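The following explanation is a guided reading of side-chain arrangements in a predicted model. Please keep the sequence and the coordinates at hand while reading.

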Amino acid sequence: MKTRNLVMFMGVWVVVAQAAVRQPVGIWDFTSNDPNSVTLGVPLTLVGSVQPAEGVLPGDGAVQIGVGSHFICQHGISANGGGEKVNEWTLLVDFRYPDTSVGKYVDIFQTDPANSDDSDWTVAASNGAVGISAVGYSSQTGFYTAPDTWYRMVMPVDNGTRHDLFMDGIQVVNGKEQGIDGRFSLTDILLLFAANDGDDNDIYVTKVAIWDVPLTAGEIMALGDPNDSLYQDNAAPDVYAGADQEVEMDEGGSILIALDGTVVDEGAVTVAWTQISGPEMVAIDDPASEDTTATITAPGKYILQLLADDGQYQMTDTVTFVVHPNNYGGLIVHWDFEQEWDGLTVQDVSSHENHGQVIDGA
């Protein structure tokens, strides 16, 4: 069996006290002979049967859960997030599936305590992507699982705000937010590896954990992959580069934009703004400050990145600026044939990238 390892960036200085990953409210570790055993919280209730299996490392344990079997999880989380159900939570599952489950759905959880509906999270039969249609699949970022490979799935839910997915510490789904007290809100019971349509095919599980909050990207990156502990002394920085904007240049042919980034970390961090794309170089006033300004002197679409490094982890986020010419008045396209071009593609200089294509000769 293979494991996927998260690459971490190591710094050269000693980091002072950092924020730790918050402790789960429930942990179920399937390394013992008792499949209902609990490390933290209420023991799971097994419906059906499971078989012992090899875990992530030699000597570690896991369970094989087949068709018709699942666990009832009494998570113990009180209603939150502005509703009558649990609307803020995070689920972690360390899992793999065998070759015999390839081409089949492999279901991970079901929020209906009566198990009267399809599952609410799955490994897709068609390509091994993880997710569900209502939220999104990891195929949106090109991530697909493979058989006999251990993964750490972490899914933070904040209904009304976000519903994302991380695999081995890397975000692979920026999902569609879900409604408060809706499909992805929890009653007092969560069904693990359950579905009523025969899609709960063989899956191997070594650990499940649940939090009563949506973990941040920095916390989830620190959780890493199935080789890593759930108790981390240092969470990665959380980085927000700001909201995307559309702006208009002034009469002088330039625009001063505010880079209002935010970096949250309780230790020493270094930050850096860089330009990822755009028609011209952006003059950033103080690239080493999360809150600074930049000057742009040509219309177009610009993507800037904010990076934060705490000595162990590097985290990034991007912000997009669409810069319009002065007094553009809602202009959608401007084909300027005086610009250099290849005889076939006419560049749009309006900032909307509506480039023209000559299809019948130059």
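Arginine 96 lies over the face of tyrosine 204, at 4.0 Å from the ring centre; a charge sits over a ring if NZ of Lys or CZ of Arg is within 6 Å of the ring centre and within 35 degrees of the ring normal. The model is predicted, and local features need pLDDT of at least 70, side-chain atom pairs count only at pLDDT 80 or more, and totals for chains, interfaces and linings use all residues. Residues are numbered from 1 along each chain as its sequence is written, and side-chain values use heavy atoms, with hydrogens and water left out.

The aromatic residues come next. A pair of aromatic rings is described by the distance of the centres and the angle of the planes. Seven aromatic pairs are found in a search of the whole structure; rings of Phe, Tyr and Trp (its six-membered ring) pair if their centres lie within 6.5 Å, with planes under 30 degrees apart counted as stacked, over 60 as edge-to-face and the rest as tilted. The ring centres of phenylalanine 109 and phenylalanine 184 are 6.5 Å apart and the planes stand at 80 degrees, so this pair is edge-to-face. Because phenylalanine 109 belongs to strand 8 (residues 106–110) and phenylalanine 184 to the loop between strand 14 (170–174) and strand 15 (190–192), the pair ties together parts that are 75 residues apart in sequence; strands are DSSP runs (E, at least two residues), numbered from the N terminus. Phenylalanine 109 is buried, with a relative accessible area of 0%; buried means under 20%, exposed over 50% and partly exposed in between (1.4 Å probe, protein chains only). Ring pairs link Trp89, Phe109, Trp121 and Phe184 into a cluster.

Two aspartates complete the picture. Aspartate 200 is located in the loop between strand 15 and strand 16 (203–211). Which side chain of opposite charge is nearest to aspartate 200? It is lysine 104, 11 Å away, and aspartate 200 is buried yet has no salt bridge; a salt bridge is a side-chain nitrogen of Lys or Arg within 4 Å of a carboxyl oxygen of Asp or Glu. A polar atom of the aspartate 200 side chain does lie 2.8 Å from the backbone nitrogen of glycine 68.

Aspartate 317, in strand 25 (residues 314–324), counts as partly exposed because its relative accessibility is 23%. The side chain of aspartate 317 reaches the backbone nitrogen of alanine 241 at 2.8 Å.

Terms used:
Helix = DSSP H or I, 4+ residues; strand = E, 2+ residues; numbered from the N terminus. Polar contact = N/O pair within 3.5 Å; in protein donor to acceptor, adjacent residues only side chain to side chain. Lys, Arg positive; Asp, Glu negative; His and termini not counted.
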